[in-house]
Amino acid sequence: MNHFEYIGGILHAEDVPIPEIAAAVGTPVYVYSTATLVRHFTVFRDALPKGSLIAYAIKANGNLAIIRTLAAEGAGADVVSQGELRRALAGGVPPERIVFSGVGKTAEELAFALDSRIHQINVESENELEALNAIAAAKGVVADIVIRVNPDVDARTHAKISTGKGENKFGVPIDGMPELAKRCDALPGISLKGIAVHIGSQITDLGPLEAAYRKVLDMLVALRAAGHAVDRADLGGGLGVPYVMNETHPPAPSLYGDMVRRISAGLDLKLAFEPGRLIVANAGILVAKAVYVKKGAARDFLVLDAGMNDLIRPAMYDAHHDIVPVVRSEGAEHSYDVVGPVCETGDTFARGRVLPPFRDGDLAAILTAGAYGSAQASEYNARPLVPEVLVKGRDWSVVRPRPSYEEMLGRDRLPEWL
Ligand code: LLP
């Protein structure tokens, strides 16, 4: 459910007609809906045991206005770099609601996390554990940690976003957990609070999640039996969202919540979750203009002014995004290859997509683009990063302006000797 709907044949974000934003800001432009963000967050939170920490995965969309919107609803943050940690803090997330994941946290990042007094660091290797202990001990503090385990479970999602198999770089093998817990006891800078797990993204089947969670909870029980005071289970993110209109939807948060409740009952655990996509994907669209509707030898191309540098998911993961006209038009539907202006054939949003007829200058909206859209954008082909707009009811505001060409050029430095 989202708040992008046609009113009188014109696509709106909440109460704002999209053409109004396109005219004022130009295209391409990302448009986000506050009501959708808040709805997704509250539906997810209400589906889970009361008191759970819902740490929004900043990587999905780190715009400060989005972070602030979610923080005001009580969201925490899952961060994976010093940059994201700084974003979370700047967006108003209290440090005690921040968790820090990632396989390659540097000494500088760990020190910054300790200084920021965040809720927990999700340690992903023995080396990181020793490094963190040394840094914490030198500062005279104790780091609250959970250890991210690799449960060796196949999330049955795209290989590039699968993280829970034994062959993946993430977490420590779950069988090594008892030894590592013992090691934690010997480290003065470490306080082991529990276990974390995250097996992948865009997961559309609860089976693998349940299998991974059961392994984690069994291990927690075993650690308690061995005398460790562990009471935190961070169950990660990964729940999928519908990308194709009218298709079977991934399991609803309520079913996910039922599963979590069922398997964690009676364990008296503090649960944490790290949803990213689920909160923000359907709360954002990418609005683009058809620069040219081009007749090719074999097929017709809808050449948009948005490209793979603005939304890389189709090129990178063969991801499907629905594409719709911003203004509904009459006339026979037509098959288009929807492409961008970037000089690669991979710069294709959709092949053979059947759409209402488009003419040069018409606006299109690429849907479900709020997660891993702007967050993964680049300036490839020297294209300015797309501006971002946040809508709330009848109000809207540019929450990240399009950089000027002067700003882009001004970042480079010419050496004196050149
Ligand atoms: N926690 C950890 C440790 C993660 O690595 C991730 C995502 C999340 C939480 C959030 O997962 P989500 O709820 O959003 O599925 N760029 C890819 C997705 C990469 C996901 C990376 N990790 C895409 O566009 O599909």
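1. The C-alpha centres of domain 1 and domain 2 sit 32 Å apart. Those domains are 4–31 + 281–410 for domain 1 and 34–280 for domain 2, with bounds from an automatic or database domain assignment.

2. Bear in mind that this is a predicted model, where local features need pLDDT of at least 70, side-chain atom pairs count only at pLDDT 80 or more, and totals for chains, interfaces and linings use all residues. Numbering runs from 1 along each chain as its sequence is written, and side-chain values use heavy atoms, with hydrogens and water left out.

3. Between the domains, 26 residues of domain 1 touch 25 residues of domain 2 (contact: heavy atoms within 4.5 Å).

4. So where is the ligand relative to the domains? It lies between them, because domain 1 and domain 2 both give residues to its shell.

5. That shell has 18 residues, the closest being Ser 201, Glu 274, Arg 313, Tyr 372 and Gln 376 (a heavy atom within 4 Å of the ligand). By class, 5 are nonpolar, 7 polar and 6 charged, with Tyr counted as nonpolar and Gly as polar.

6. Now the polar contacts (N or O pairs within 3.5 Å). Gln 376 puts a polar side-chain atom 2.7 Å from a ligand nitrogen. For Tyr 317, a side-chain N or O atom is 2.8 Å from a nitrogen of the ligand, while a polar backbone atom of Gly 276 is 2.9 Å from a ligand oxygen. The protein covers 92% of the 590 Å² of accessible area the ligand has on its own (Shrake-Rupley, 1.4 Å probe).

How values were computed
Polar contact = N/O pair within 3.5 Å; in protein donor to acceptor, adjacent residues only side chain to side chain.
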